Amino acid sequence: MLTVHRRKLLCGALTMCLPDICRAGMPQPDNVRIALVQTTESSEYFNEITRGVRTGCQRWGYALSVFDADNSPVAQSAAIENYAQQRVSAILLCAIDVYGVRDAIDMARRFDVPVIAIDAIVAGKTIAQVGVDNIRTAERLLDALLQPGRAAPARIGIIGATGSYIQTLRYRGFLDAMKKKAPFMHVSGFVDGQNILDSAQTAAEDLLASAPDMDLIYATGEPAMIGALSALQTSPPRRTVHLAGWDMSPEIDRGLREGIVLATAVQDTVRMGEAAVDAAHDWLHDMKVPHDITVPATIVTPHTLIASGTVRP
């Protein structure tokens with residue numbers, strides 16, 4: 001069963017196996033309800049995570065409720081608190097603000113409701129976190145740009161998301177790799193795309209105007225990638241500017257095929273959602289759950305895309 005709530009939770013009586021009782025015995029699937037507190041439904045990236053969560057819940061026979069925070073950290077915190085008071089079996093969280101949700105997660109813990117983070121790191125608060133190794137994957141992206149036979153970019157513009165801890169890791173990981181492996185590369189400018197498509201496109205246009213010498217844009221997430229591709233069309237630069245970054249979409253796929261996108265890290269978002277449900281299942285059955293659950297990303301380039309005929313890892 002799937003219920004979806006947008007910026008509002010339907011509160012009502014619900015009979016279920018409380019988490020502490022579930023751990024004492026084997027919970028029955030019909031009594032388990034998983035809640036997914038999502039960032040937004042406007043991004044294919046997060047929609048794929050939801051699909052993975054839904055698949056995992058169907059496999060175990062669990063009920064699922066999905067809350068769309070519509071990019072509001074306040075709404076996310078309220079949803080976590082409401083789900084905790086309803087005593088759902090577990091909460092899965094794609095956090096917008098990893099610091100702003102800490103108090104809400106503390107409330108969930110007081111109700112003995114476990115919280116599992118997906119593509120987010122809420123230090124010391126969640127029972128597990130599912131995602132990629134962001135720093136290592138950022139380094140692998142740089143390696144793809146430095147392949148023999150390709151002219152390496154020298155001047156880099158970056159579209160980040162300062163409010164996202166995960167994307168800050170991707171930014172820092174890329175810069176650290178540049179210092180070690182490509183000291184000839186320099187950052188020409190940085191803009192904050194806020195992990196929102198419209199904001200990212202505006203930020204990319206500003207970056208193109210303020211750093212006309214750059215030859216590559218590094219984007220730390222899907223909105224930044226799509227926004228940069230749009231900006232290259234609406235505000236075409238005088239020189240060729242390529243793109244590298246994270247995630248996959250029809251726009252990014254087209255950019256790869258056209259040679260504009262040189263490399264992108266494709267996360268197995270469906271598997272991330274499934275892994276989060278599996279972690280909740282193991283916790284409810286009193287099995288050991290590793291805190292860090294890594295789902296590897298695949299680096300896709302124009303060459304590998306054409307060779308494989310697919311964008312999925």
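Reply: First, a definition. Axes are lines fitted to C-alpha atoms, for helices over the stretch in contact, with angles from 0 to 180 degrees between N-to-C directions. Helices (H or I, at least four residues) and strands (E, at least two) are DSSP runs numbered from the N terminus. The model is predicted: local features need pLDDT of at least 70, side-chain atom pairs count only at pLDDT 80 or more, and totals for chains, interfaces and linings use all residues. Residues are numbered from 1 along each chain as its sequence is written, and side-chain values use heavy atoms, with hydrogens and water left out.

Me: At roughly what angle do the axes of H7 and H8 cross?
Reply: H7 covers residues 197-210 and H8 covers residues 222-234. Their axes come within 7 Å. The crossing angle is roughly 50°.

Me: Are H7 and H8 parallel, perpendicular or oblique to each other?
Reply: Angles under 35 degrees count as roughly parallel, over 145 as roughly antiparallel, 65 to 115 as roughly perpendicular and the rest as oblique. H7 and H8 cross at roughly 50°. The pair is therefore oblique.

Me: How many residues of the contact of H7 with H8 are nonpolar?
Reply: Contact means heavy atoms within 4.5 Å. H7 contributes Leu-197, Ala-200, Gln-201, Ala-204, Glu-205 and Leu-208, while the H8 side includes Pro-223, Ile-226 and Leu-232. Ala, Val, Leu, Ile, Met, Phe, Trp, Tyr, Cys and Pro count as nonpolar, Asp, Glu, Lys and Arg as charged, and the others, Gly among them, as polar. The contact has 1 charged residue, 4 polar and, as nonpolar, 10.

Me: What share of the protein's residues count as buried?
Reply: Buried means under 20% relative accessible area, exposed over 50%, and partly exposed in between (1.4 Å probe, protein chains only). The protein has 313 residues, with 11 helices and 13 strands. The buried share is 55%.

Me: Where is Val-191, and how far is its C-alpha from that of Ala-204?
Reply: Val-191 is in strand E8 (residues 186-192). At 14% relative accessibility, Val-191 is buried. Beyond four places in sequence, its contacts are Ile-158, Ile-159, Gly-160, Ala-203 and Leu-207. Val-191 and Ala-204 are 13 residues apart in sequence, and their C-alpha separation is 7.3 Å.

Me: Is Asp-247 buried or exposed?
Reply: Asp-247 is in the loop between strand E10 (242-246) and helix H9 (250-257). Its phi is near 85°, a positive value in a residue other than glycine. Most residues other than glycine have a negative phi. With a relative accessible area of 4%, Asp-247 is buried.

Me: And what does Asp-70 count as, at 38% relative accessibility?
Reply: Asp-70 sits in the loop between strand E3 (63-68) and helix H3 (73-85). Its phi is positive too, near 50°. At 38%, Asp-70 counts as partly exposed.
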